[in-house]
Amino acid sequence: MTSIHGALKTHFGFDRFRSQQQEDAVKAIVKGDQDVFVCMPTGAGKSLCYQLPALLASGITLVISPLIALIQDQVEQLRSRNIPACSINSKLPPRERGLILADLQCESPRLKLLYVTPEMLSSASFQPCLSGLSSRGLVSYLAVDEAHCVSQWGHDFRPDYLKLGELRGLLSGVPCLALTATAPARVREDICRALRLRSPLSFSTPVFRSNLHYDIIYRELVPDQYGHLHTFIVKALGGSSGCGIIYCRTRHSCEEVAHQLTLLGVLAKPYHAGLKAADRTDAQNDWMQGKVPVIVATISFGMGVDKANVRFVVHWNLAKSLASYYQESGRAGRDGLPSLCRVYYSVQDQNQIRFLIQKEVARTQEKRGSEKEHDKVAMVDFEAMVAFCEQEGCRHATISKYFGDQKPNCAGACDFCRDPKAVRAQLEAANRLSTT
Ligand code: ADP
Ligand code: MG
Ligand code: ZN
């Protein structure tokens, strides 16, 4: 396999693969006898899984991606590495388009990667080019990036992605690879069905992270909420130089929680869209540099924040779905050290969020003037989050199952596995509270 590693170094300048999954996926794709499904978190290096095989194949790899902006980004990156890549899209000046089409019509085209949006793919003007390539056997792979766009259950459903199934009929014998970030099991199933993947080889980053310890606390059962939170933080940080994130739903609770914690002696800063941009940047920088150990934020915080020593992530309010919860709580423990993920669950909070989701759905339906199957998605996703909090069962197992992974060996890394009786007692106390 030296040629694969050689190509990784010469074309991309990387000494090694990012992960075992990335390496295994590349090797399977290079082998080329089966469809492949790649499921890894954002930033894990999914693009390389088709870019590298594209360079080792004799023909052209057709890459489907949902947005022209994403495509342009990738094409520029590839060109800066001297890799012949381009995209055909509606914004392309006619002259450039002519040059590309001429290359594609010649006997052995220079191009290795051709990026198109699904809209372009199904447009009449592109059809002759595509069937020309296909009939001459010049398509090496069909790579469908952001493949969750085929699913009604995904959050970026794109009807044009559904036409990709037909395309596979046209490109018979061309292996297909579907790539997506960690997705719920039903989205994975939709992808395989819609793209007609035939018993695909699957390469996924395991969902289970054994260093994360999950637990749920019923907020309404706690007499002194801030004191409880404070005790938790002191334990989670344990005198280390680590830090933590507390997610709240409203700006007001960000302010309040940060204020109360600071009074109790833990330095905490709020972060939300209501702050002046400069204050927000300050809060983020102070936290990044370790000057302030705790940031109390709305979910707008954390996109692209990659800090290794996050020792805890608290949800003071419920996340809007189990998928979001997994992503948000997963910002803990990137360094692999033990870290705590806690939800302060509240029935009142739950009812409020459910009400907001219903209102939002009703508003879109009113605007549209009709109901759609898709309208149920937000509520179903939220109910999965609620069930996660209210269940008697392993939290890790529930998360893994939700994403279609096998049952993990939790080994005491959640409240239920460590002390099932305590979890039951808490549930019973909460039930008594709600019926009195
Ligand atoms: P994803 O699509 O999974 O979100 P990308 O394909 O955009 O991730 O890759 C994220 C970054 O990781 C890119 O800058 C890419 O160059 C880099 N990368 C990919 N594979 C490797 C590797 N083996 N070694 C180092 N960096 C890599
Ligand atoms: Mg990507
Ligand atoms: Zn468990």
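User: What are the ground rules here?

Analyst: The model is predicted: local features need pLDDT of at least 70, side-chain atom pairs count only at pLDDT 80 or more, and totals for chains, interfaces and linings use all residues. Residues are numbered from 1 along each chain as its sequence is written, chains are lettered from A and ligands numbered from 1 in the order in which they are written, and side-chain values use heavy atoms, without hydrogens and water.

User: How many helices and strands are there?

Analyst: Both are DSSP runs, numbered from the N terminus: helices are H or I with at least four residues, strands E with at least two. The protein has 18 helices and 13 strands.

User: What radius of gyration does the protein have?

Analyst: Take C-alpha atoms and compare with 2.2 Å times the number of residues to the power 0.38. For 436 residues, a compact globule would be near 22 Å; the protein has 24 Å, which agrees.

User: Which residues touch the most other members of the largest nonpolar core?

Analyst: Nonpolar side chains tend to be buried together in soluble globular proteins. A core is a set of buried (under 20% relative accessible area, 1.4 Å probe, protein chains only) Ala, Val, Leu, Ile, Met, Phe, Trp, Tyr and Cys residues, joined through side-chain atoms within 4.5 Å. Here the largest has 48 residues; Tyr214, Phe301, Leu318, Tyr325, Met385 and Phe388 touch the most other members. Helix α15 (residues 377-390) gives the most to this core, seven residues. Another core, of 38 residues, lies apart from it and includes Phe126 and Leu138.

User: What share of the residues is buried?

Analyst: Buried residues make up 50% of the 436.
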